[in-house]
Amino acid sequence: MPPSATAPPHGAPVPPARPGPGGPRLVPLTPDEWPPSLRTVLDSSRRDGPGRNNLFGTLAHHLPLAEAWLALARVLTHDGTLGARDRELVVLRTAHLLGCDFVHARHIGQARLAGLDTAETTATALPLDAHPWAPDDLALLRTTDALAAHADVPDAVWQQLTERMRPDQLVELLVLAGQSAMMCMTLRTLRTPADAPSGQPEATGREVFEVRIERDLCCSSGQCVSTAPESFEQSDVDGLVTLRPDHLTRSRPADLQLAVELCPSGAITLTTVQQQ
C-alpha cells in the first residue's frame, strides 16, 4: 500500500518505503565525489557510529544545505540540553512512525549507548501500551506521536513536559522532533539505502566469528560494553575490557560489528573463522 499523503492517525506508523527496481531515486555521491569539507565532517564524526556514507552522500548533492543540516545535527547530538536517552527515544519513535528504516537502524546503537535496553528499543516500534514505559518516557513518546500526526501537542501532555523540562529543553525537543522528521521524510522519499558493511563480515545466522581485543590499545571508553554487553565486560580494577567467558554462545554478530565500528582506539577486531 503506498504511503498516505495525509498525516497518519495518532500513533500509527507509516509502512516502510522500499527501494524500487531501480534502487535509490537519487544515488548518493561516493566519498571521492564529496568536497573536502564534507569528508572532514565525516572523519570527525566517527564517534557517532557507522552508517553515514549514504546519508552524507545524499546531502552532498546540496552542499550549503548539507553544511546547515550537519551544524544543526551537531548541536542536537553533542551540544544539546536534552539527555541522550530522551533524544534517542524521540528519534527512534519518529523513524518508526514515518517508516524510515534507515534512521531507525542508524540509531539503535546510539540508543543502547544512551541506556535503552533491547526491550525498550524494540518497544519504540510498538503501540505505546505494549510496554511499561516510565511516566517521563511515555510523555516524550506521546509528544512524538502527536507531533508526527498533528504538528501539535495536547495540553495535558505539554503540562507533563513542563513539569520536568526547562524552556530551552522544551524548544529543543520540538526542534529535534522536526529535524528527525525532516531527515526521515527525505531519506524515505529518496529511497536512500543503508551503507554496505565497510570491510566487516556480514552477519548471518550460520557464521562463526573470532573476536580479539588488543588490551595495549584499549582506552577504557566502555562503548563496546554498552553496545554488546553479551560479549564484553569491563574490569573494575583497571577499566580495561575483556571478553565474557560465555561470549561464544551469547554474542550477536550485528552488535559485535557495531562495537568494532564504535571502538575509538581500534582495539577490537572481528573475523569470520567459519561459515556453515
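Ser220 lies in the loop that joins β1 (207–213) to α10 (223–227). In this predicted model, the phi angle of Ser220 is near 65°, a positive value in a residue other than glycine. Most residues other than glycine have a negative phi. Ser220 has a relative accessibility of 28% and therefore counts as partly exposed. A positive phi is also found at Ala151, where the angle is near 55°. Ala151 belongs to the loop between α7 and α8 (155–162). With a relative accessibility of 65%, Ala151 counts as exposed, because the cut-off for that class is over 50%.

The secondary structure of the protein chain consists of 12 helices and 4 strands. The chain has 276 residues, and 43% of them are buried. Its accessible surface comes to about 14,300 Å², and carbon and sulfur atoms account for 56% of that area. Contacts between residues at least 6 apart in sequence were also examined. Of these contacts, 68% join residues at least 24 apart.

In soluble globular proteins, nonpolar side chains tend to be buried together. The largest nonpolar core in the model has 42 residues, and Leu55 and Val103 are those with the most contacts inside it. Two or more residues of this core come from each of the helices α1 (36–44), α2 (53–59), α3 (63–78), α4 (84–97), α5 (101–113), α7 (135–150) and α9 (167–189). Among these elements, α9 gives the most, with 8 residues. When residues up to four places away in sequence are not counted, Leu55 touches Trp69, Phe102, Met183 and Leu187. Another core, of 16 residues, lies apart from the largest one. Its members include Ile213, Phe232, Leu240 and Cys263.

The structure holds 1 aromatic pair, which is formed by Trp34 and Phe56. A pair of aromatic rings is described by the distance of the centres and the angle of the planes. For Trp34 and Phe56, the centres are 6.1 Å apart and the planes are at 45°, and the pair is classed as tilted. The two residues are 22 residues apart and link distant parts of the chain. Trp34 is in the segment before α1, whereas Phe56 is in helix α2. Both Trp34 and Phe56 are buried.

Leu72 is part of helix α3. The relative accessibility of Leu72 is 32%, so this residue counts as partly exposed. By contrast, Asp86 is buried, because its relative accessible area of 11% falls under the 20% cut-off. Asp86 is located in helix α4. Leaving aside residues up to four places away in sequence, Asp86 touches Leu140, Arg164 and Met165.

Conventions
Residues are numbered from 1 along each chain as its sequence is written. This is a predicted model: local features need pLDDT of at least 70, side-chain atom pairs count only at pLDDT 80 or more; totals for chains, interfaces and linings use all residues. Side-chain values use heavy atoms; hydrogens and water are left out. A nonpolar core is a set of buried Ala, Val, Leu, Ile, Met, Phe, Trp, Tyr and Cys residues joined through side-chain atoms within 4.5 Å. Buried means under 20% relative accessible area, exposed over 50%, partly exposed in between (1.4 Å probe, protein chains only). Contact means heavy atoms within 4.5 Å. Accessible areas come from the Shrake-Rupley method with a 1.4 Å probe; for residues, only the protein chains shown count as cover. Rings of Phe, Tyr and Trp (its six-membered ring) pair if their centres lie within 6.5 Å; planes under 30 degrees apart count as stacked, over 60 as edge-to-face and the rest as tilted.
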